[in-house]
Amino acid sequence: MKSPNIVFILADDLGVIDLGCQGSTFYETPNLDQLAKEGMRFTNAYAACPVCSPTRASALTGKWPQRTGVTDYINASIGKLGGMKPGFPLLCPPAADRLSLSETTIAKRLQSAGYATGFVGKWHLGGEGTLPENHGFEFSVGGDDRGGNAHVGPTKLHNLELASGEWVMDRLTDKAIEFVAQSKDKPFLLWFTPYDPHTPLVSKPELVKKYEAKAAKLTAEFRDEPPRKDRRTQTHAVYAAMLEDMDRNLGRLFETLPANTLVIFTSDNGGLSTSEGSPTSNAPWRAGKGWLYEGGIREPLLVKWPGMVKSGTLSDVPTSTPDFFPTFLEAAGMRPEKLDGVSLVPALKGKKLTPRPLFWHYPHYGNQGGGMAAAVREGDWKLIEWFVIDRIELYNLKNDPGEQRNLAAQEPGRVKALQAKLHAWQKAVDAKFPIKNPNPKSEAK
């Protein structure tokens, strides 16, 4: 069989309920809903981290983020002991400020097999010297060391300058379509990572006006999630407009794709529900971006592969970001190497995967009120270890998907077993831990 083209779309901060096919009744995403109808929708899909850069590194390498050293979103203080919270009781361990050139990315592997490789959109894995073109992407537009960006011109991105009034998502989609058009002579990998719907929150006025009218009939509701409040209803007009605009542009891209194309759509972390305007809600899941509760790590995952994936199918197979690398290798007819992820190709064909635990380790504070924790999910059970407050939480996600009933005290044996697996994994991936601050009352210098 001819090797398929591969299109991987990684939205930025898009939450698990931010699509119509995922349950939203406020946002309108007809093109992504159609993608779900034409392929498979996973109901237990996760990001490898509750913030962006580690998940991006994981997708590109097939490794848990801890093995790459990229364990927090890349920022000015990331390489310094203590990170951004020097006056707190625990100091953040230093983390990598770029994806090392020693890493073998999926782009390099597929390029060696004759694939054309294109990157369009947000990178946030390092600047000059460690950009997409340094990691195997011969076509590289839009990605640099920045985590956020203006959504409308005038602005300048990597290899792309926008005039006043030009919208970033429109121009990035144009470039993605350009790459598809120029890659018809051989199979291609398109790694498309929109900046939407990440802050700053701004969208096209006509779409904002449409959703303001819808939101006028609704009430925004929040729930306490100390030290923050967690949005529990979707009513943010600008955020909704950003989603519809992203969906419209993806529809333009989908129309240009050859029939033999594997398309995967997902997100880098949970929706932003406890900070920076709290524009979306992940309810019924708890909290959002920056947290190891389900709202911070559970993601949409839509897969279309004509002739291989039956239309309108669901899969409850638990997945995580490292799974994409081996999936793409197997889809391309290449031998999957030993990686942290597993190929999802059997699941795409309707088969069950061997049950396995999924892990998270986030030794940083973040900006959203959560952080400094590790977690493991196995079957219906999920355990969270908090570092700063020295607390263990255990939830049965089947009976309590909103993580409201901590069963740790009632299930000491299960806690011990899950902790043992989590700690063994942390050792295996050389996870870095917070360090006790010898002077917790000190301030940044």
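How much space lies in the second largest pocket? About 310 Å³ of space lies there. The model is predicted, so local features need pLDDT of at least 70 and side-chain atom pairs count only at pLDDT 80 or more, while totals for chains, interfaces and linings use all residues. Residues are numbered from 1 along each chain as its sequence is written, and side-chain values use heavy atoms, with hydrogens and water left out.

**Pockets**

- The largest pocket holds about 390 Å³ of space; a pocket is an open set of points on a 1 Å grid over the protein atoms alone, with protein on both sides within 12 Å along at least five of seven lines.
- Volumes are the space filled by probe spheres set on the grid points, which are joined across faces, edges and corners.
- Lining the largest pocket are 22 residues (lining residues have an atom within 4 Å of a point), and P227, G369, G370, G371 and W386 lie nearest its centre.
- Twelve nonpolar, five polar and five charged residues make up this lining; Ala, Val, Leu, Ile, Met, Phe, Trp, Tyr, Cys and Pro count as nonpolar, Asp, Glu, Lys and Arg as charged, and the others, Gly among them, as polar.
- The second largest pocket has 14 lining residues, with D316, V317, P318, P355 and R356 nearest its centre.
- Its lining divides into five nonpolar, three polar and six charged residues.

**Cavities**

- Three cavities of 30 Å³ or more are found in a search of the whole structure; a cavity is a set of points where a 1.4 Å probe fits but cannot get out.
- The second largest cavity contains about 50 Å³ of space.
- H151, W167, M169, D196, V202, S203, M242 and D245 line the second largest cavity, giving four nonpolar, two polar and two charged residues.

**Helix α5 against α7**

- Helices are DSSP runs (H or I, at least four residues) numbered from the N terminus.
- Helix α5 (residues 168-182) packs on helix α7 (residues 237-254) at an angle of about 15°, with the axes 9 Å apart; axes are lines fitted to C-alpha atoms over the stretch in contact, and angles run from 0 to 180 degrees between N-to-C directions.
- α5 is therefore roughly parallel to α7 (angles under 35 degrees), and α5 passes α7 in a right-handed crossing (the near helix is turned clockwise from the far one by less than a right angle).
- M169, D170, T173, D174, A176, I177 and V180 of α5 make the contact with D245, M246, N249, L250, R252 and L253 of α7, where contact means heavy atoms within 4.5 Å.
- This contact comprises seven nonpolar, two polar and four charged residues.

**Helix α1 against α7**

- The axes of helix α1 (residues 30-37) and α7 come within 7 Å and cross at roughly 50°.
- P30, N31, L32 and L35 of α1 meet D247, R248, L250, G251 and F254 of α7.
- Five nonpolar, two polar and two charged residues form the contact of α1 with α7.

**Helix α6 against α7**

- Helix α6 (residues 205-215) and α7 have axes that come within 8 Å and cross at roughly 125°, which makes α6 oblique to α7.
- The crossing of α6 past α7 is right-handed.
- From α6, L207, V208, K210, Y211 and E212 meet A237, V238, A240, A241, E244, D245 and R248 in α7.
- The contact of α6 with α7 has seven nonpolar, no polar and five charged residues.

Note on methods
Helices (H or I, at least four residues) and strands (E, at least two) are DSSP runs, numbered from the N terminus. Angles under 35 degrees count as roughly parallel, over 145 as roughly antiparallel, 65 to 115 as roughly perpendicular and the rest as oblique.
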